[in-house]
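This briefing goes through a structure one topic at a time. Keep the sequence and the model in view while reading.

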2 protein chains.
Amino acid sequence: MTVQKKKAVVLLSGGMDSSVVLAQAISHGFEVFALTFRYGQRHQVEIDAACKQTAAFPAARHTVFDLNLSQFGGSALTTDMDVPKNVESSDIPVTYVPARNTVFLSVALSYAEAIGARDIFIGVSSVDYSGYPDCRPAFIEAFEQVANLGTKAADGGERFRIHAPLIRLTKEETVQLGNRLNVNFANTHTCYDPAPNGTPCGECDSCRLRIKGFTEAGLIDPAMTSSKE
Amino acid sequence: MTVQKKKAVVLLSGGMDSSVVLAQAISHGFEVFALTFRYGQRHQVEIDAACKQTAAFPAARHTVFDLNLSQFGGSALTTDMDVPKNVESSDIPVTYVPARNTVFLSVALSYAEAIGARDIFIGVSSVDYSGYPDCRPAFIEAFEQVANLGTKAADGGERFRIHAPLIRLTKEETVQLGNRLNVNFANTHTCYDPAPNGTPCGECDSCRLRIKGFTEAGLIDPAMTSSKE
């Protein structure tokens with residue numbers, strides 16, 4: 001008898017965190033439908049990294065979804081605003097993209113409902129993070145509530161679950177988890193402001209958190225290493 | 001002194017309901033940013049109708065946003081499934097598009113936050129409606145909660161408000177409201193399965209609700225009349 005695997009939609013940016021989540025969803029036995037957004041971000045290198053991650057799992061399906069949030073402006077990730085470097089601040093930085101995770105989770109929900117998946121994975125963290133409000137537990141819980149009120153499947157008694165397995169992990173713990181799951185970190189991309197050849201800057205918020213994670217975990221980051229050769 | 005108008009994003013499908021909501025937001029003094037989705041619906045006539053509505057209000061801005069939900073399938077509005085005709089049923093019909101209003105509200109939220117609007121209008125009704133779960137008050141309230149947890153603006157103490165002014169109105173009341181607001185109903189499009197020239201079928205759920213509304217309001221529907229000439 002073949003046991004049918006449960007389907008899951010996994011939001012995959014190509015960064016370190018979502019790549020760890022992809023590996024975790026697969027290790028938990030889900031049939032994975034990865035979803036990456038071409039949302040008007042300045043750097044195609046992110047999408048290339050996402051494709052390299054799913055290429056490592058032949059059973060996973062992968063959709064790149066077009067949706068141009070850059071037409072609204074409002075973020076250093078979608079416009080030509082400067083990305084802050086080496087800044088210590090408790091303010092939400094200009095790299096925040098208005099309501100990005102709400103948009104991404106909504107499209108993931110539409111996809112999930114259409115294919116019969118009831119599980120959605122997202123790699124947000126609220127510990128070592130940039131302070132983005134759409135990465136916090138209360139937001140994830142509120143979105144799960146929306147999913148369970150606004151869909152035909154939920155109306156029929158099924159329940160959607162938004163999994164955010166990294167939400168209470170430090171970057172160190174995320175690196176260790178990814179290491180145990182054999183995530184190929186060399187093929188992940190985290191930097192907000194890479195060089196044209198994709199080399200990470202090492203100074204933006206996102207690089208700094210990643211470096212902190214690898215340093216605290218006592219591991220070498222192959223993406224950072226190769227970039228410096 | 002010039003008083004700055006408050007900005008609002010109005011979801012505008014080109015149907016009767018959202019056209020009434022557009023007129024209402026304008027009559028309430030908002031500076032309106034209308035948002036229409038080219039989401040893979042089978043009928044371009046809807047988008048044309050939306051453009052005709054905003055053309056009547058020169059001060060309103062209008063964005064048509066591309067986002068192809070049809071690639072996920074799962075609905076008679078985005079695939080070649082048959083649209084049900086003259087069906088009495090309490091089930092949610094196959095014209096339901098998975099999580100459509102969640103997706104639309106999310107993009108509206110991103111747009112609103114980027115331009116500094118805190119008010120979003122949507123023309124859903126939970127009285128004379130097709131039973132779609134993403135048209136009910138509990139869903140709208142849950143989405144408002146998401147907006148007020150998952151955005152930088154809300155984090156800074158501002159509040160988003162999702163206005164659904166038709167949510168407890170019958171179709172008769174919506175027709176009467178639109179009539180008072182001088183909505184040009186001839187330029188609205190409601191039908192799920194129009195003829196190639198845009199003529200409404202008169203038999204799908206959406207046409208039947210519209211016909212009921214005009215009949216009960218004692219008014220003639222110019223869109224239906226012209227289609228029969």
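Two strands are said to pair if DSSP finds at least two bridges between them. Strand 1 and strand 2 of chain A pair in this sense, running parallel over five bridges. The model is a predicted one.

- Chain A holds an open sheet of five strands in the order 3-2-1-4-5, and the pairing is parallel.
- Which strands are the edge strands? They are strand 3 (61-66) and strand 5 (161-163) of chain A, each of which pairs on one side only.
- On average, neighbouring strands of this sheet are turned by 25 degrees against each other, direction ignored.
- Strand 1 (residues 7-11) of chain A also pairs with strand 4 (residues 119-121) of chain A, in the parallel sense and over three bridges.
- Within that pairing, A:D119 in strand 4 is the bridge partner of A:A8.
- Helix 3 (residues 100-115) of chain A packs on the sheet and touches strand 1, strand 2 (31-38), strand 3, strand 4 and strand 5 of chain A.
- The direction of helix 3 makes about 160 degrees with that of strand 1 of chain A.
- On the strand 2 side, A:V9 stands opposite A:F33.
- Strand 2 of chain A is mostly covered, with six of its eight residues buried.
- Strands of a sheet pair through backbone hydrogen bonds, in either a parallel or an antiparallel manner.

**Helix 1 of chain A**

- Helix 1 (residues 16-27) of chain A has 12 residues and reaches 17 Å from its first C-alpha to its last, close to the 16 Å expected at 1.5 Å a residue.
- Is helix 1 of chain A mostly covered or mostly uncovered? It is mostly covered, as 11 of its 12 residues are buried.
- Among the buried residues of helix 1 are A:M16, A:V20, A:L22 and A:I26.
- The buried residues of this helix pack against strand 1, strand 2, helix 2 (45-55), strand 4, helix 6 (171-180) and helix 7 (205-217) of chain A.
- After helix 1 of chain A comes A:G29, which has a positive phi, near 90 degrees.

**Where the two chains meet**

- How many residues of chain B are in contact with chain A? There are 33, and they are in contact with 33 residues of chain A.
- Helix 3 (100-115), helix 4 (137-149) and helix 5 (152-155) of chain B are the elements that give two or more residues to the side of chain B that touches chain A.
- Helix 3 of chain B gives the largest share of that side, 10 residues.
- By class, the side of chain B that touches chain A has 20 nonpolar, nine polar and four charged residues.
- The copies meet through the same surface, because 100% of the interface residues of chain B are also interface residues in chain A.

**One residue: B:V107**

- B:V107 lies in helix 3 of chain B.
- B:V107 counts as buried because it has 25 C-beta neighbours inside 10 Å, where 20 or more are needed.
- Leaving aside neighbours within four places in sequence, B:V107 is in contact with A:V103, B:F65 and B:L67.
- B:V107 and B:L11 are 96 residues apart in sequence, while their C-alpha atoms are 9.8 Å apart in space.

Conventions: Residues numbered from 1 in each chain as written. Chains lettered and ligands numbered in written order. Predicted model: local features only at pLDDT ≥ 70, side-chain atom pairs only at ≥ 80, totals over all residues. Helix = DSSP H or I, 4+ residues; strand = E, 2+ residues; numbered from the N terminus. Axes fitted to C-alpha atoms, helices over the stretch in contact; angles between N-to-C directions. Contact = placed C-beta atoms within 7 Å. Nonpolar A, V, L, I, M, F, W, Y, C, P; charged D, E, K, R; others polar. Expected span 1.5 Å × (residues − 1).
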